[in-house]
Amino acid sequence: MFIQYDESNLENLISKFCSSFAIKKNLPQTLTYEAALRHISSFIVLPDWNKTTFITKSQSIKIIPSYILHRDAFLSKKDDLSTQLINSKRLDDYYLMLEKSHPKAVYFCNKILKVILIAGLDSYIEGTTSDGLGIAHIDFKSHYNQQDFNELIIHQITHTLLFIDDYVALQVEGPKKELSIKTTAKNKRGGNSFPLYVLFHSFCVGVEILNYRLKSEMLDAPVNYHPVTSIALNRCKQGFAILHNNINLFTPNGRKLLRDYGNHLDELLVWMKYA
């Protein structure tokens, strides 16, 4: 979605989300995105600031306490690195650099992600849920670089856009989202199977990361979080083949989105031959 969206498309999606939220909650009027977050997500304050804020676990207690409470078992108990990253302004500097090189990414991030929690993880957490809308969580390691940071921002933007789009018009019907789909990839929780909805969003994120690398001429850049380009390409091709074989499990909106991402992947494969 990030690939095919511009600022106007984003505003339209946000508007549709706000309208859908008002209808589902039987509200007398349509709220702003920020006001809707105050109801649907974990914010105890109105997140009406204009720029994404990076926060530590301790700072988050004053803004999104329930988000932390529900995930506390997964978060590292001792996490000096995250505090250092925030206090040193290293991530703010990375964000400024991203804004210079890819202003669209920062514009989207500022609009839909109000806070990014920087906190270590002791175990894996999957996906975006309603109580985490407007919130991203990054376990940023000391050896991660600017490229890793940029890609993690693209990653989080993509997850959030997909969640909002699914809220407006389902991509996969609720009961089918958790259907286990066998793949050739390793699941961090063990085995080779993934829930359909997780596999779909992972594929979309993969295509977005590859597109970002191509457009920013960073196909061979050193990376630590996402796989190198050759591996990422193979995983996306395999993922699309598996998802396409299960396309009957998707709604019309989901099928269109899957086909669109499949077409983007085909375009990337052509362009990368000449990159």
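Is Asp 260 buried or exposed, and what is its relative accessible area? Asp 260 is buried, at a relative accessible area of 18%, where buried means under 20% relative accessible area, exposed over 50% and partly exposed in between, with a 1.4 Å probe and protein chains only.

Colleagues, this is a predicted model, in which local features need pLDDT of at least 70, side-chain atom pairs count only at pLDDT 80 or more, and totals for chains, interfaces and linings use all residues. Residues are numbered from 1 along each chain as its sequence is written, and side-chain values use heavy atoms, with hydrogens and water left out.

I turn to the salt bridges. Each is a side-chain nitrogen of Lys or Arg within 4 Å of a carboxyl oxygen of Asp or Glu, and the count comes to ten. In one of them, Asp 260 pairs with Lys 256, the closest N and O atoms being 2.8 Å apart. These two residues lie four apart in helix H11 (residues 252-272), and are therefore separated by about one helical turn. Helices (H or I, at least four residues) and strands (E, at least two) are DSSP runs, numbered from the N terminus.

Another salt bridge joins Glu 151 and Arg 213, at 2.6 Å from N to O. This pair links distant parts of the chain, with Glu 151 in helix H8 (residues 146-168) and Arg 213 in helix H9, 62 residues apart. Both Glu 151 and Arg 213 are buried.

Finally, the sheet. Three strands form an open sheet in the order E1-E2-E3, with parallel pairing; strands pair if DSSP finds at least two bridges between them. The edge strands are E1 (53-55) and E3 (135-138).
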